[in-house]
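Let's take a walk through this model together. Have the sequence and the coordinates open side by side as you read.

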Amino acid sequence: MTATVLMYQTSEQLLFDRYNIAIERIALCLVIGGCLQLTVAINVLLACCQVASWARCELDGEQLDDKYGSYSIVWFAMHEFLLTFTLCAVTIASNGRLQAEAQINMQARAVEKALRRLLTMTYDVTMQVNEQLIIQQDTLD
């Protein structure tokens, strides 16, 4: 993606493909979302490359302020870094949700294990059945 961003010749090409790159950045966050530092690094790198491409178009003689309004590079940079911040925030929220879900699963297993111990201490035979009432696990003391 970074190589693609740096190959744009005009601002129109950059703006046209910007949404494709944003979708690719979202996909990257979903794929490598478990590693927050990598997600942040890749998104900051891509945002910097996008802004550098925009600035290069300005330096190559395109009158971007005439085409897109005053301080277009500032607005472009703000948009790119806002997208980066949003993607990182979504990654953090997703990681938090996954960790909370894992913790709940661990607590549920601990409660089930404690309940099973209590039942085996109270009764001579305990059986675990599924929804079709088929024995899944039986324990004899």
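What follows goes from the overall layout to the core, the surface and the salt bridges.

A word on conventions comes before the tour. This is a predicted model, in which local features need pLDDT of at least 70 and side-chain atom pairs count only at pLDDT 80 or more, while totals for chains, interfaces and linings use all residues. Residues are numbered from 1 along each chain as its sequence is written, and side-chain values use heavy atoms, with hydrogens and water left out.

Let's begin with the layout. The protein has five helices and two strands, where helices (H or I, at least four residues) and strands (E, at least two) are DSSP runs numbered from the N terminus. Read from that end, the order is α-α-α-α-α-β-β. As for confidence, pLDDT (the predictor's confidence in each residue, from 0 to 100) averages 76 over the protein, and 85% of the residues score at least 70. Confidence is lowest in helix 1 (residues 2–6), with a mean of 55, and highest in helix 5, at 83. Of the 141 residues, 26% are buried; here buried means under 20% relative accessible area, exposed over 50%, and partly exposed in between (1.4 Å probe, protein chains only).

C49 counts as buried because its relative accessible area is 10%. In sequence C49 and E80 are 31 residues apart, yet their C-alpha atoms are 9.9 Å apart in space. Just after helix 3, G61 adopts a positive phi of about 110°.

Now to the core. A nonpolar core is a set of buried Ala, Val, Leu, Ile, Met, Phe, Trp, Tyr and Cys residues joined through side-chain atoms within 4.5 Å. The largest one has seven members: L14, V51, W54, C57, L64, F76 and A77. Helix 3 and helix 5 are the elements that give two or more residues to this core, and the largest share, three residues, comes from helix 3.

V74 sits in helix 5 (residues 72–122) and, at 40% relative accessibility, is partly exposed.

We finish with the salt bridges, of which the structure holds two; each is a side-chain nitrogen of Lys or Arg within 4 Å of a carboxyl oxygen of Asp or Glu. R97 pairs with E101, their closest N and O atoms being 3.3 Å apart. These two are four residues apart in helix 5, so about one helical turn separates them. R97 is partly exposed at 47%, as is E101 at 40%. The other pair is R116 and E112, at 2.8 Å from N to O. R116 and E112 are also four residues apart in helix 5, about one helical turn.
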